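Please examine the sequence and the structure shown below. A short report on selected features accompanies them.

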Amino acid sequence: RIDCPGAEEEASVIALLMREVLETPGKTAALVTPDRTLARRVSAALKRWKLEIDDSAGRPLAATPAGTFLRLGALALAEALSPVSLLAVLKHPLACGGKSGGAFKYAVRRFERDLLRGPRPAPGIDGLEATLTAANFDPQIEKAHRKFIQDLAKWAAPFLNISVQDKTPLRDLIRAHLYFLEGLAADDQNPGASRLWSGNDGDAIQSFIAELLEIAPNLPPLPVARYPALLNAFLTGRVIRPLWGSHPRLFVWGPLEARLQHADRIILGGLNEGTWPAEPMADPWLSRPMRLRMGLPPATRRIGQAAHDFATASHNPEIFFTRATRVDGTPTVPSRWLLRLESVLTAAQLKEQMQTPLLQDPRWLAWQVKIDTAKQTRHLTPPAPCPPIAARPRRLSVTEIETWRRDPYAIYARRILRLEKLDELDAKLMANTYGTLVHDILDRFLHLYPDTLPADADAQLMKMGENIFGSATARPHVWGFWRPRFQRIARWFIAEERNRRMDVKKIHSEIKGELILGSGDHTFTLSAKVDRIDELVAGGLTIIDYKTGSYPKPPEVEAGFSPQLPLEAMMAMHGAFAAHGIPATTQIAALEYWHLPGNNAIPGSVKSASKNKSPDLLAREALDGLTGLIAVFDDPTTPYLARPYPKYAPDFSNYTHLSRMAEWSLEEDKGDDL
């Protein structure tokens, strides 16, 4: 008897028991269990040694390549080619789209990256074409994507055309579905039908479809959205069995198949209550007395059959009982058969022998642990890449300077390795996109009304927001979700503008500038795109940064870990924005964050970047800090460390997983001091 900690360990132990049998010529082994999940796990564990096992219960037809392709195709069509379901069927091994496998997979990856990442497109082919048009790609790239969409439209059109109906006959849905699959399955050498219906699983799916078409006229029309579920329901319970290729000496049997077969080693697996024996099914129509009066067998009769099967299988010269003490984290109860065996042994005064190797062999669990245990372990140190000076960036923006300070590894990954994070598939709403659009709206408004505000400024700003959000987010539900928030921001923004305009001589919005530091071969270019610079009537500049999300707190700014506004002030002092009519100056009146959350309580607020230091001092310290940072990283031995200052590490980074931070750091490091 072997009691395993969990289901995975039980499957591994059983696989070891079966693999050990092969060391004896001619010896056979069989796993007997009613637990189909355990049987599949054992079959998977045996593939470690390239052993294909004969499972008498067969393989679910829905889990075969052809069955999976059938189900994924139905889901993609029923969901009007939504990104996740569409990519699932396009990336299936049977999908080739009339090309070679490699060429089609390349086209799918490019299509995914360019069009399907981010918020969900509008449904159907029209949504994909609208997304392509709005993306404004290079003509050659657009031509390739448009050809891809046209091919999809050709294969999916019959199904999408009938999907607009409230209800559709099942026969029409099946035929349109098969047309889509056969078009998608064709490659550059074979038509789709010959690839889709070939092999053991292809033959089984073909027979299944033939039966479904035969009974389809007897079923009522149904909504397209229910078609995938109906298909899955019909596929449930259908299995296929391999015609050849399974191992001749290893078997998996159910209790019924084990009655008339024999193996040298029998393993009875899954010996837990609820599995062996299974719980009797509740009858919603007949109680137990009613079944007896009607002459029907009691619901507990199957427990007696399970006991008979267990006793029969246990009469073997070599027998192993296995169970998992926990399944999916939940404690289990040993099977009543095991408990009764313990009672028999106790009555026969053999209870103490259960701890002997004959009845409780600890070696198998120990071997199971060792089989995946590494021979040696080593502590993973934080990454410390030291690229050559020629590969190190000589140009960064003010926002990247902050990243350079807090997480140099992110600069290494993005600017030296040139790795960019892909957008999520079927992303709901991206806050960074919303923030970008808010910046764009405020910029256009300030360019339209740089001096005086109109009487209906609120309405004008709101109308401008609707136009920009509507054209930039041609996706379902995006503008509707953000509209109330932007309305509150617009009202607060106009009220703040009316209070400030008397003190402002000129407003500069979304202006770009560059400042070259150093000389000769050691120059470094600092670039910036400032949200807003106000020239004041009394002299001096106010530099403003819009923040729709969180904003840096004064201690972070004063410590030099949020240097964006101080660096922009330093650039203004050195004439980096002279091309926009902002001369070099030594007077910076204020550095402000305009926090624009759009909440009911606080739609917007003005936050000073510093409490204890003047803007001029912050600008000078930012220049000194940047000069020192450049000098440090101009040393070829300086590594690009991941979060060198845990207390000031960024809350989120796209490159944390690349640095494998979870393997070498502790969460409590977040609170460490410098």
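## Confidence of the model

This structure is a predicted model. The average pLDDT of the chain is 88, and 94% of the residues score at least 70.

Residues 667-674 remain under 50 in pLDDT, and the model has 14 contacts for them beyond four places in sequence. Where pLDDT is low, the predicted coordinates should not be read in detail.

## Helices α7 and α8

Helix α7 spans residues 139-162 and helix α8 spans residues 170-185; their axes lie 8 Å apart, at an angle of about 170 degrees. Because angles over 145 degrees count as roughly antiparallel, α7 and α8 are described as roughly antiparallel to each other.

On the α7 side, the contact includes Leu152, Trp155 and Phe159, while α8 contributes residues including Leu173, Phe180 and Leu184. Sorted by class, this contact has 11 nonpolar, 2 polar and 2 charged residues.

## Helices α8 and α10

Helix α8 also packs with helix α10 (residues 199-215): the two axes come within 9 Å and cross at roughly 150 degrees. The helices α8 and α10 are therefore roughly antiparallel to each other.

Here Arg171, Ile174 and Leu178 of α8 meet Ile209, Leu212 and Leu213 of α10. The residues of this contact comprise 5 nonpolar, no polar and 1 charged.

## Arg500

Arg500 belongs to helix α20, which covers residues 478-500. Its relative accessible area is 15%, so Arg500 counts as buried, the limit being under 20%.

Leaving aside residues up to four places away in sequence, Arg500 touches Asp534, Thr542, Ile544, Glu592 and Trp594.

Terms used: Residues are numbered from 1 along each chain as its sequence is written. This is a predicted model: local features need pLDDT of at least 70, side-chain atom pairs count only at pLDDT 80 or more; totals for chains, interfaces and linings use all residues. Side-chain values use heavy atoms; hydrogens and water are left out. pLDDT is the predictor's confidence in each residue, from 0 to 100. Contact means heavy atoms within 4.5 Å. Axes are lines fitted to C-alpha atoms, for helices over the stretch in contact, and angles run from 0 to 180 degrees between N-to-C directions. Helices (H or I, at least four residues) and strands (E, at least two) are DSSP runs, numbered from the N terminus. Angles under 35 degrees count as roughly parallel, over 145 as roughly antiparallel, 65 to 115 as roughly perpendicular and the rest as oblique. Ala, Val, Leu, Ile, Met, Phe, Trp, Tyr, Cys and Pro count as nonpolar, Asp, Glu, Lys and Arg as charged, and the others, Gly among them, as polar. Buried means under 20% relative accessible area, exposed over 50%, partly exposed in between (1.4 Å probe, protein chains only).
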